[in-house]
Amino acid sequence: MSDVLQALLFDVDGTLADTERDGHRLAFNKAFAAAGLDWDWPVDLYGELLKVAGGRERIRRYLDEHRPDAAVSGDTDAFIAGLHLSKTRFYGEMVAAGEVPLRPGVKRLLLEARAAGLRLAIATTTSLENVTALLRQCLGHGARDWFEVIGAGDVVPAKKPAPDIYRFTLETMGLRPGQCLALEDSGNGLRAARAAGLPTLVTVNDYTAHDDFHGAAVVLDHLGEPELPVRVLAGDLGGASYVDVAALRALHARQGHE
Ligand code: XBP
Ligand code: MG
């Protein structure tokens, strides 16, 4: 890859922030309770359900596999859409209350990347509404504009692990995959990015630590900070103890020689 690094494409859930266990999962449970359902997604079950990207898709899988006899009033699509709308409201409230924190190193790296003139974008399965709520709460009102493109949710037909959202984001920016680096946290996300041709840095979390990360440029526990060194789980960060723009440029350049 002889291209120079021009842009960083960020996943949101699990990558920018720890959104899943204490965010989305609890919001689903609140929506179930508000709908009068006796459903509850404990931490372990939610880990299994996370194999399905997308909230509506996840509810459908649960219904099919765990509640095949559930009496759903009316049309199943409408039932799922209604539950998911309620879940999104609860999630927005939790984000606005500061209950969904950014991961280590994320804010620092975004600020450094902006200062270095790297272009920024988001490519996510979740909704635009959820992304903007998170950016506003964690990074301030103007943060939406740090990102040239926010590829989110249903703007493409197929969610990750399909590459569609990354392709949409690249096309909108007018960039080739070799000019970019994707940042992901899950096997599904990595597959989506790689299928779009993107070199990919992975930061794992408790839910994704055992996913298949074959093909990642490097796999880390988090992005790190000067006082919080990273653990390199696979690949090579060139001796850097945390992820900064220099480490990303070097990582990107090395992808051409592997
Ligand atoms: C993220 C997801 C979801 C969110 C979805 O995948 O699949 O966890 O639960 O939020 P990725 P919605 O990080 O790979 O984009 O409920 O809005 O779909
Ligand atoms: Mg993710």
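These are some friendly notes on the predicted model shown above, taken point by point.

1. Let us start with the overall layout. The protein chain is divided into two parts: domain 1, made of 7-18 + 101-256, and domain 2, covering 20-96. Taken over C-alpha atoms, the centres of domain 1 and domain 2 are 26 Å apart. Where they meet, 15 residues of domain 1 are in contact with 18 residues of domain 2.

2. Now to the ligand. Both domain 1 (7-18 + 101-256) and domain 2 (20-96) give residues to the shell around ligand 1, so ligand 1 lies between them. There are 18 residues around ligand 1, and those that come nearest are Glu-20, Gly-55, Arg-58, His-84 and Lys-87. Sorted by class, the shell has three nonpolar, nine polar and six charged residues.

3. The polar atoms around the ligand deserve a look of their own. An N or O atom in the side chain of Lys-87 is 2.6 Å from an oxygen atom of ligand 1. For Asp-13, a backbone N or O atom lies 3.2 Å from a ligand oxygen. Asn-130 brings a polar side-chain atom to 3.3 Å from an oxygen atom of ligand 1. As for cover, ligand 1 taken alone exposes 450 Å², and the protein buries 96% of that. Two or more residues of the shell are given by each of helix 1 (20-34), helix 3 (55-66) and helix 4 (76-96).

4. Leaving aside neighbours within four places in sequence, Arg-58 is in contact with several residues, including Glu-20, Phe-28, Trp-41 and Val-52.

5. Beyond neighbours within four places in sequence, Thr-88 is in contact with Glu-129 and Asn-130. Asn-130 is also the residue with a polar side-chain atom 3.3 Å from an oxygen atom of ligand 1.

6. Over to Glu-184, which is found in strand 4 (residues 180-184). At 1% relative accessibility, Glu-184 counts as buried. The side chains of Glu-184 and Lys-160 are joined by a polar contact of 2.8 Å. Apart from neighbours within four places in sequence, the contacts of Glu-184 include Asp-11, Thr-15, Tyr-166, Leu-190 and Val-202.

7. Finally, please look at the backbone beside Lys-160. Most peptide bonds are trans. Here, a cis peptide bond joins Lys-160 and Pro-161, with omega at about 15 degrees. Pro-161 lies in the loop between strand 3 (149-152) and helix 7 (164-173). Lys-160 is also the partner of Glu-184 in the side-chain polar contact of 2.8 Å.

Notes. Residues numbered from 1 in each chain as written. Chains lettered and ligands numbered in written order. Predicted model: local features only at pLDDT ≥ 70, side-chain atom pairs only at ≥ 80, totals over all residues. Heavy atoms only, no water. Near = heavy atom within 4 Å. Polar contact = N/O pair within 3.5 Å; in protein donor to acceptor, adjacent residues only side chain to side chain. Areas by Shrake-Rupley, 256 points an atom, 1.4 Å probe, with all protein chains shown as cover. Helix = DSSP H or I, 4+ residues; strand = E, 2+ residues; numbered from the N terminus. Nonpolar A, V, L, I, M, F, W, Y, C, P; charged D, E, K, R; others polar. Domains from an automatic or database assignment. Buried < 20%, exposed > 50% of the residue type's maximum accessible area, 1.4 Å probe, protein only. Contact = heavy atoms within 4.5 Å.
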